[in-house]
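Subject: Structure handover

Hello,

Here is the structure for you to look through. Please open it beside this email and follow along.

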Amino acid sequence: MKILVLRAPKETLDEADPYIDEFRKAGLNAEGLDVLSFQFINQDILREKLLHPENYSGLVFTSPRGVVSVAQCFEKAVDDLKSWSVLPSYVVGEGTAQVLREKLALSSFGKESGNAGELAQYICHVHKPEISKPLLFPSAELKRNILLNSLIDAGIAVDCVTSYKTVPHPQLSMMLQNIFQSSAPKPDCLVFFSPSGARAALSVLKKVGVNFEIMQMVAIGPTTEAAIIDEGFSVFATASKPSPTGLLEAINGARSNAQDAGMA
């Protein structure tokens with residue numbers, strides 16, 4: 001199996017990619033490719049809200065980009081965020097928690113949550129009594145409403161600021177053509193990390209002439225899985241948790257099931 005990790009640009013300070021490292025430690029051939037670029041928007045609006053932590057009961061981040069959008073607001077004055085350290089920051093996944101520590105020096109709650117729905121359940125079941133004011137949520141332009149709807153239904157107010165948008169990497173088409181039209185061994189497993197990344201890559205791959213009949217599609221979570229299915233493809237495996245271990249376990253579990261069914 002040769003795995004192509006179709007990822008977003010790394011936001012952590014580590015040079016190594018933890019997902020590729022995990023695959024290689026397990027003896028799998030894995031390479032990475034950045035499929036998206038990010039543009040930060042509404043920075044003035046977000047900054048003004050961040051200057052008034054007294055109006056909120058905490059922060060919510062569903063991706064590393066939300067954290068970076070906050071850091072961008074205070075690129076030269078991160079100390080202005082110190083007042084937020086006494087309030088909880090709720091995050092989806094270990095990767096978002098790591099970026100929160102590195103970029104903003106803030107601790108987090110809920111990093112074990114595998115998706116926005118699970119984070120909403122965690123907030124409602126564990127922290128609802130402590131929440132008397134809105135939660136500030138720097139979000140993507142193409143956000144799904146699972147977290148917002150769940151929190152609002154539970155009586156928790158959310159102040160959502162669209163703070164970043166995703167766009168395809170400007171050289172995505174050329175990079176994918178180089179991989180799939182070269183004479184080198186080609187990937188037979190694609191790992192997707194976001195709905196927008198899946199849509200961007202698959203739209204190009206449909207034109208490149210990839211043999212999708214032998215291609216295994218893997219998703220980091222249920223929202224990405226839904227995006228792959230919406231593009232007309234079946235999903236080989238979906239991680240239960242958005243972590244390197246969770247992704248490897250999902251792939252190994254799917255491979256084992258396929259072997260047992262005589263399909264591998």
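What follows is a short tour of helix packing and a few single residues.

First, the ground rules. This is a predicted model: local features need pLDDT of at least 70, side-chain atom pairs count only at pLDDT 80 or more, and totals for chains, interfaces and linings use all residues. Residues are numbered from 1 along each chain as its sequence is written, and side-chain values use heavy atoms, with hydrogens and water left out.

Some terms come up throughout. Helices (H or I, at least four residues) and strands (E, at least two) are DSSP runs, numbered from the N terminus. Contact means heavy atoms within 4.5 Å. Buried means under 20% relative accessible area, exposed means over 50%, and partly exposed is in between (1.4 Å probe, protein chains only).

**Helix α7**

Start with α7, which spans residues 172–180. Leu172, Leu176 and Phe180 are buried there. They sit on the same side of α7, because they cover an arc of only 45° around the axis. That arc is taken from the directions from the helix axis to the C-beta atoms. What do the buried residues of α7 pack against? Their partners are the strands β1 (2–7), β2 (29–34), β7 (158–168) and β8 (189–192), plus the helix α8 (195–208).

Glutamine 177 is also in α7. Leaving out residues up to four places away in sequence, glutamine 177 touches Ser182 and Val208. Leucine 205 is 28 residues from glutamine 177 in sequence. In space, their C-alpha atoms are 8.2 Å apart.

Next, pairs of helices. Axes are lines fitted to C-alpha atoms, for helices over the stretch in contact, and angles run from 0 to 180 degrees between N-to-C directions. Angles under 35 degrees count as roughly parallel, over 145 as roughly antiparallel, 65 to 115 as roughly perpendicular, and the rest as oblique. A crossing is left-handed if the near helix is turned anticlockwise from the far one by less than a right angle, and right-handed if clockwise. For residue types, Ala, Val, Leu, Ile, Met, Phe, Trp, Tyr, Cys and Pro count as nonpolar, Asp, Glu, Lys and Arg as charged, and the others, Gly among them, as polar.

Take α1 (residues 18–25) and α10 (residues 244–260). Their axes come within 9 Å and cross at roughly 45°. That makes α1 oblique to α10. The crossing is right-handed. On the α1 side, the contact uses Pro18, Tyr19, Glu22 and Phe23. On the α10 side, it uses Pro244, Thr245, Leu247, Leu248 and Ile251. These residues divide into 7 nonpolar, 1 polar and 1 charged.

Now α8 and α9 (residues 222–230). The two axes come within 8 Å and cross at roughly 25°. The helices are therefore roughly parallel to each other. α8 passes α9 in a right-handed crossing. Pro195, Ala198, Arg199 and Leu202 of α8 meet Thr223, Thr224, Ala227 and Ile228 of α9. This contact has 5 nonpolar, 2 polar and 1 charged residues.

From α3, the contact takes Pro64, Val67, Val68, Val70 and Ala71. From α4, it takes Gly95, Thr96, Val99, Leu100, Lys103 and Leu104.

Cysteine 124 lies in α5 (residues 116–127). Cysteine 124 is buried, with 18% relative accessible area. Which residues does cysteine 124 touch, not counting residues up to four places away in sequence? They are Ser150, Leu151, Ala154 and Ile156. Serine 234 is 110 residues along the chain from cysteine 124, and their C-alpha atoms are separated by 33 Å.

Asparagine 42 is not a glycine, yet its phi is positive, at about 55°. Look for asparagine 42 in the loop between β3 (36–40) and α2 (43–50). Asparagine 42 is partly exposed, at 34% relative accessibility.

Alanine 105 also has a positive phi of about 55° without being a glycine. Alanine 105 lies in the loop between α4 (93–104) and α5. Alanine 105 is exposed, at 65% relative accessible area.

Best wishes
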